[in-house]
Amino acid sequence: MRTTSALILLAALATPAHADGEAKNVIVFIGDGMGPTTVTAARVFRYGEAGELHMESLPRTAKIRTFSHDAQTTDSAPSMAAYMTGVKMNNEVLSMSPDTIAVPPGSGNTVDNCGTANGTPVPTLFEQARARGKAVGAVTTTRVTHATPAATYAHICHRDLENAIAVQAVGSGLDVLLGGGRRHFLPTTAGGSRTDGRDLTAEVAAQGYTVATSKSAFTAIDPATTSKLVGLFTSSHMSYELDRDPSLEPSLTEMTVKAIELLSKDPDGYVLVVEGGRIDHALHETNAKRALVDTIAFDDAIAATIAKVDLTKTLIVVTADHDHTMVINGYAKRTGRTTDSNAGILGLVKDVVSGALARDAEGMPYSVLGFGNGENRVAGARSSVPALTDDITAAASYHQEAGVRMAPGGETHGGGDVMLMAAGAGSARFKGTLINTQVYGLLRAALGLP
């Protein structure tokens with residue numbers, strides 16, 4: 001059996017460098033918030049310092065600048081929309097013109113009102129691919145109406161208008177949509193959040209979609225006999241991978257593989273976006289263990305995809321929409337991979353020479369992973385609280401310490417550049433330092449879109 005690296009190398013050798021339209025299929029993997037530090041930490045967590053994530057085996061690499069139209073540090077809405085439209089827009093805005101003002105719920109707008117003459121929609125890669133006859137789909141571990149998946153099909157002034165985004169999903173022509181967020185498709189009388197009385201799951205079923213709301217229903221679906229699929233497995237976001245009950249929720253890998261099986265039936269090819277969305281949420285909570293486990297689940301989905309698709313016809317791009325403030329502290333001795341008996345990178349910094357605990361200016365130990373800002377900042381001297389241990393910092397519930405105190409869950413995105421890794425048909429064009437809007441143009445060129 002060929003290794004992942006060998007499969008990628010063979011595809012790279014067989015693929016011409018810059019032939020427009022050489023990719024019949026494109027799969028874009030978005031690790032939400034997966035900045036370079038998260039990639040490094042996940043590698044050490046799973047494989048040790050000398051190991052390699054599957055995404056890191058992809059032969060083409062680039063660095064992506066992520067600023068939005070109005071902000072040095074972007075949120076997921078304009079950053080993902082930049083990949084999908086090639087347009088810089090304001091924070092919170094989804095696939096609209098740069099002049100669109102973000103109008104959040106509670107600002108006098110209704111579920112579908114962004115204000116008078118507030119910008120214009122800009123076409124997405126999905127819409128352009130559909131016009132060329134290609135199938136399109138989005139898979140996520142967040143709500144399917146959340147910013148990153150919504151940027152592929154929705155046009156709206158604010159990402160938080162998720163009931164309105166759900167309506168746009170119903171009319172978007174997506175062939176596959178899998179993730180959480182069922183509440184935005186159901187009326188309040190059925191346990192949802194819709195006050196307009198509409199049951200959008202019934203509406204998509206009437207359009208010929210198979211609708212799955214449970215793991216068992218999802219597993220029973222045969223892609224060979226299913227033309228269009230909507231899966232809404234949880235009311236809100238799907239569970240963190242560390243907490244996921246596999247009998248109740250499909251994994252990101254399972255959703256990705258089934259999406260590929262269904263979309264690949266289209267003779268004209270397909271475009272698929274796969275988001276590891278809860279990486280971002282764990283980072284906002286400064287909960288490193290859940291962030292790293294979700295990153296590994298994301299990487300496992302990439303590995304399954306590489307093994308499944310024909311890379312001479314399929315372009316795989318892996319990147320992130322933005323960074324976070326996670327840091328790797330100190331001159332730590334190599335930890336090796338994290339196991340039940342070894343805290344690894346989740347543990348405390350041990351001196352590289354002596355192996356003894358490294359200590360701060362107050363003589364207190366500190367963890368390898370920390371955050372620039374977050375909820376866990378000791379009030380006063382760190383010496384006034386019990387000393388940290390590996391057992392404490394490696395626990396699933398532990399929130400790493402931060403330099404600047406924020407409200408719970410309030411750790412911010414970081415403004416640093418993110419990584420892009422690519423393989424397969426058309427991947428040679430991904431190189432150097434790119435602005436995120438340029439990625440859109442490279443995807444279009446690989447697909448041969450006019």
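View 1. Thr319 stands opposite Leu420 in β14, in a predicted model whose residues are numbered from 1 along each chain as its sequence is written. Local features need pLDDT of at least 70 and side-chain atom pairs count only at pLDDT 80 or more, while totals for chains, interfaces and linings use all residues, and side-chain values use heavy atoms, with hydrogens and water left out. The pairing of strand β8 (residues 314–319) with strand β14 (residues 418–424) is antiparallel and runs over five bridges; two strands pair if DSSP finds at least two bridges between them, and helices (H or I, at least four residues) and strands (E, at least two) are DSSP runs, numbered from the N terminus.

**View 2. The sheet of ten strands.** This open sheet has mixed pairing and the order β5-β6-β4-β3-β7-β1-β8-β14-β2-β15. Because β5 (210–212) and β15 (432–435) stand at the edges with a single partner strand each, one side of each is left without a neighbour in the sheet. From one strand to the next the twist averages 15°, where axes are lines fitted to C-alpha atoms, for helices over the stretch in contact, and angles run from 0 to 180 degrees between N-to-C directions.

**View 3. The sheet of three strands.** Here the order is β10-β11-β12 in an open sheet with mixed pairing. Strand β11 (residues 369–374) pairs with β12 in the parallel sense over three bridges, and Phe371 stands opposite Ala402 in β12. Helix α2 (residues 36–47) packs on this sheet and touches β10 and β11, contact meaning heavy atoms within 4.5 Å.
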